[in-house]
Amino acid sequence: MPFADIQVSANIKAMNIPRILSAAAAGTTMMTLFSYLTSEARQKQFREPVLLNSLIKRLPVKSISRHNKSTAPGWLLHYAVGLMFSFAYDRVWQKTSADATIANGLLLGSISGVAGVAVWKKTFDMHPNPPKIPFQKYYLHLLAAHLVFGVFATLGYRLPGTKKI
């Protein structure tokens, strides 16, 4: 297994950790702002961290207090997913001929949107007590929100000072 250790070490050294973190922060923050503004304008619940917290609190698990007012779990999950998408974007930009351009950010955002809709749909379908929201409208919103994520993750990735480690 020494060869595997060398490969993992080489992969870690090739990572663009500052760029990935910058992409995740910019993309997730702007996507969330878009979702909050859309929720307000349409008077619908399209805010991902709020929905994540709702799903957590609606689980029939005794250890999760229904009176717990903390919003941290939803926010942490939301930003963790943004980090995972940003890691995937970095791999695409490092391992293919695709560059970190706005057009490619839109393309990756659209792919992320389809993946996001699939995960949310499966989550709502499997949950014993999902929140009552207009699911089809939410899924369309998610597609648009991930385009915002793709563009701003790309811009965050390209920020000066976010060099490869």
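Good morning. The model is predicted, so local features need pLDDT of at least 70 and side-chain atom pairs count only at pLDDT 80 or more, while totals for chains, interfaces and linings use all residues. Residues are numbered from 1 along each chain as its sequence is written, and side-chain values use heavy atoms, with hydrogens and water left out.

I begin with the salt bridges. A salt bridge is a side-chain nitrogen of Lys or Arg within 4 Å of a carboxyl oxygen of Asp or Glu. The structure holds 2 of them. One joins the side chains of R91 and D90, at 2.8 Å from N to O. Both residues, R91 and D90, are buried; buried means under 20% relative accessible area, exposed means over 50%, and partly exposed lies in between, with a 1.4 Å probe and protein chains only.

Another salt bridge links K121 and D125, at 3.4 Å from N to O. These residues lie 4 apart in helix α5 (residues 102–126), which separates them by about one helical turn. Helices are DSSP runs of H or I with at least four residues, numbered from the N terminus. An α-helix has 3.6 residues a turn, so residues three or four places apart point the same way. K121 is partly exposed at 38% relative accessible area, whereas D125 is exposed at 54%.

I turn now to helix α3, residues 48–57. Of its 10 residues, 7 are buried: E48, P49, L51, L52, N53, S54 and L55. Their cover includes α2 (17–42), α4 (72–95), α5 and α6 (135–157), where contact means heavy atoms within 4.5 Å.

Thank you.

Key. Helices (H or I, at least four residues) and strands (E, at least two) are DSSP runs, numbered from the N terminus.
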